[in-house]
Amino acid sequence: MKNAAELTTTMRRGEIIAAVVLLLLSAGIIAGAWEMPVGSAAQPGAAIFPLGLGFLLGLISLGLLLRAVRLRGEEAAEPVQIGHPQIWLTLFILFIVGLVFDWLGYLISATLLMAVLLRSYSTLRWHVVLLAAVGASIVSWLIFSQLLDASLPMGVLEPLLR
Amino acid sequence: MKNFRLSLRSSLPVLAVAAGLLSGPTVGAAEKYPSRPIEIIVPTGAGGGTDLVFRQLADLVGPILGTNVVVSNRPGGGGVIGTIAITRAKPDGYILGGLWNAPLTMTPHLNPVPYTPQDYLPISMADTSPTVLCTKKDFPANNGKEFIDYLKKNPNKFTYGNDGVGGTIQLTMERIFLPLGVKARAVPFSGAGETLKNFLGGHIDIYGGSMTTILPYVKDGSAKCLLVTSPRSVSSMPDAANLTELGVPDRSTLLWHGLIAPKGLPADRAALLEKAFQQAARSPQFREYMESRGITVEGSSSADFRKLIDSEYAAMGEVMAQIGLGKK
Amino acid sequence: MMSYLIDGFALALRPDNLLYCFIGVFWGTIVGVLPGLGPLAGLTLLLPLTFHLEPASAIIMLAGIFYGAMYGGSTTSILLRMPGEAASVITCLDGHEMAKQGRAGPALVVVAIGSFVGGTVSVVGLMMFAPLLAKLMLQVGPAAEFALMVFALLVMSLIGTGHVLKTVTMILLGLVIGTIGLDPITGYPRYTFGLIELSDGISFVGMALGLFGVSEILLNLENIANVKPIRPTLKSLMPRWQDLRDAAPSIGRGSAIGFLFGFIPGISHVISTFVSYAVEKRISKHPEQFGHGAIAGVAGPETANNATTGSAMIPLLVLGIPAIPATAILLSALMIHGLQPGPELISKHPEIFWGLIASMYIGNFMLLILNLPLVGLFVNLLRVPYAYLAPTVLLFCIIGIYSVNTNASDILIMVGFGLLGYLLRKFKFDAAPLLLAVVLGERIEVSLRRALIISDGSYIGLLQGGASKIFVSAVVLLVVLQFVAVLLGYRKKMFSDV
């Protein structure tokens, strides 16, 4: 099944892209290390290690690039499909939860996450999903925050929970 | 344990709202303090020496204040992350900070941090302890003066372990070395334990760090401590010269633990907290706990604590400038 | 020694101490299973309870948490491909593959048995060789540590499943990620972009849960309709005779590797896992099965990391030095009772040392008895339909990652690395070398720079001291050989040649 949220590429093209990205990254690493203190032989500074790694990574990504360009046959043409609507949705909602976690607090964030994911993955109806999400969020809060003393934010509900 | 406190509370939201309305912000001045648990943010991981000091204090100060006092750990960035959280907290006396030297008086000179000594209110310093320099038993010096003379005669020959470049131990030692003209190579380790291990293995010449860690080796005779960073001598380290004997009594830096609050804390609450923490620090339990490891209990006043922080902050800035550290 | 050991058992078998030992190992299992909690959280939580116990009981209970957590650590790795800590990263590789094939039961059983054997071997080692190993540990200074870490990196390049270039790329990328944060030597901020949240580097648990746990879920989402819950039967719970026969030699080698590598400062439990994995893969008749559910790839590493627990106690008990954060809490617990660990602990307070040794034999046995029935319980988790299991797992990931540093930006890190992990798997790059290189990176750099400060900038000076001479020359030899081997295209034969 093919749909808009999916990207199709080949192993060879993917490796070439990866190698180019890594090459750019190594340039960035070297540029960043350039600003750092070099120190002396007896007091090697902060720059030395990242600088060396940057050059090594650059070399190895050149190697990767060469290998990928020369890649032929079955391995090169192997199709690779990336993405699926639910993958993007999952990443998106996790990202949102990360952003609002401290502000909304654990209970609301967890309810949000569970509701969206359960609704998306399963065929449950909305009211069942909501009930399950609220339940999961409260039960996990009781277990982790109250029983196991893990620190979880109370967020906007703080005045009520204290 | 505090299990299921929530279930009880959340079943009474109506009451909570009602209570909130009754004691609302309009009557702030008259509100009873403390009326709910107080949190001490300790900017280090759980279970370390610093963390334990504040957990002890929290247990002792709770009954005095008549509320629960809990420690929460906020590690990271050598204490900077937790300190930021403290200085940015609401100054209502429900969030305090449990600090030690580095994040307040040292790190700010080394790296940019978004707070200054004016962003917090020192409440009370709980305890202090000097640090020591120690050598193996065959080192050709047997007292503090010989030790310093020998180091002076051999500049940059000996290595001393410490807790990191720009860390408490290095700055404490360089602050003494500078006026005495001593030059030794500082090898940074992650703490006293790692320093001790490398010292015992013979990879460095001199141990620099807390007294507690090296004490067993002084007792069994394999190490001798020749310098203590306080103006007075310490009974468990008879060979160690103090700074008065070395002629630099004003160059002393002690490790300390103390309570701070975000600036803007109402004066009456600050006074209440100051008294309560002084009382807790001077309690026999705390004294016994600290003195068993060679730490002196202080329980200082807020004003004295402020003075110490300010002078240490200035001194550390100078030392760093002189040894070529500091903000780039 | 026998009379001391008998006294120790008398102390450890006292009903109250048996109870404390059980509480410790039970609690350790719980915090070990939950990702993000780990032994450190478990120890801190129970530490205040020990203030009122007698010192021997306190240390028996706390040590139980420490080695108990090592047992539990692999459970989520096997069931959900969620490594809660660096030492269980390797277990994900074959452990979770086994679970997918419906063999989670045998994997968990083998882990329990291996952990028991490894844990027991390490106690025997602690009992017989503690002072000797302590001396060896002291010999390992910064120069020797550097050599050991380089050796570990070389071994790491053997664990990948893909092309060697890809594995090396991942190692380098891991080392680069490891440099993010304040320079551990000078405190200079590197690649932090002015963010204080990055000053301690990127959260390891965030990376691990992202690269493994989240990416696995993303991959499964592609055909969520077809992901069938695994329905384990009683028969499939227990390992087959063949499984045990395959695992037994790996468990033996894992014990030896874990014990021998125990002297490496700080991260022996991590290094021992991938050294064991590499060895198992090298000597296996079917190296191609590794990464696809080879039982030896689970049994060896899990045995090895438990076999380091005894050595981890040596610096604490013999030298009074807490080498890792978990033993720092044990140190605190002893000092609260006025006991100073160090050279005089064993002679002045033999009851502490021998009581602890005896309790560790008993505790390891308790853990075996405790963990075998739990296997049935855990495996049943996989019966939950994936549409419900996946959101719950993601929720646990968030709880775990947040509770480590109380920092919501770590959740974003997990999401980012989840995506990265997904792409890496699509293009057949291994995530494990990347993660392990992050752990090693800082130690490699710091040990080399410390060694250079000590030698005053002289590279020849690095060779001072017996241990560093041996380790450094051995590694130089290995590097040269490996380099030549790569040039000649003989890399695969490399380790059997040396």
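Modeller: Two residues are in contact if their C-beta atoms, placed from the backbone, lie within 7 Å. Helices (H or I, at least four residues) and strands (E, at least two) are DSSP runs, numbered from the N terminus. This is a predicted model, in which local features need pLDDT of at least 70, side-chain atom pairs count only at pLDDT 80 or more, and totals for chains, interfaces and linings use all residues. Residues are numbered from 1 along each chain as its sequence is written, while chains are lettered from A and ligands numbered from 1 in the order in which they are written.

Colleague: Which residues of α7(C) and α12(C) meet?

Modeller: On the α7(C) side they are C:Pro106, C:Val110, C:Ile113, C:Gly114, C:Val117, C:Gly118, C:Val121, C:Ser122 and C:Gly125. Their partners in α12(C) are C:Asp243, C:Ala247, C:Ile251, C:Gly254, C:Ser255, C:Gly258 and C:Phe259. The contact of α7(C) with α12(C) has 8 nonpolar, 7 polar and 1 charged residues. Here Ala, Val, Leu, Ile, Met, Phe, Trp, Tyr, Cys and Pro count as nonpolar, Asp, Glu, Lys and Arg as charged, and the others, Gly among them, as polar.

Colleague: At what angle do α7(C) and α12(C) pack?

Modeller: Two packed helices are described by the angle between their axes and the distance between the axes. Axes are lines fitted to C-alpha atoms, for helices over the stretch in contact, and angles run from 0 to 180 degrees between N-to-C directions. For α7 (residues 104-139) and α12 (residues 241-260) of chain C the angle is about 35°, with the axes 9 Å apart. Their crossing is right-handed; a crossing is left-handed if the near helix is turned anticlockwise from the far one by less than a right angle, and right-handed if clockwise.

Colleague: How do α2(C) and α4(C) cross, left-handed or right-handed?

Modeller: α2(C) passes α4(C) in a right-handed crossing. The axes of α2 (residues 15-33) and α4 (residues 55-72) of chain C come within 6 Å and cross at roughly 30°. That contact has 18 nonpolar, 9 polar and 1 charged residues.

Colleague: How many residues does the contact take from chain A and chain C?

Modeller: It takes 54 residues from chain A and 44 residues from chain C. On the side of chain A, α4(A) gives the largest share, 16 residues. By class, that side divides into 36 nonpolar, 14 polar and 4 charged residues.

Colleague: How is chain B divided into domains?

Modeller: Domain bounds come from an automatic or database domain assignment. Chain B has domain 1 (36-129 + 255-322) and domain 2 (131-251), with C-alpha centres 27 Å apart. In the contact, 13 residues of domain 1 of chain B touch 14 residues of domain 2 of chain B. On the domain 1 side, α12(B) gives the most, with 5 residues.

Colleague: How many helices and strands does chain B have?

Modeller: Chain B has 12 helices and 11 strands.
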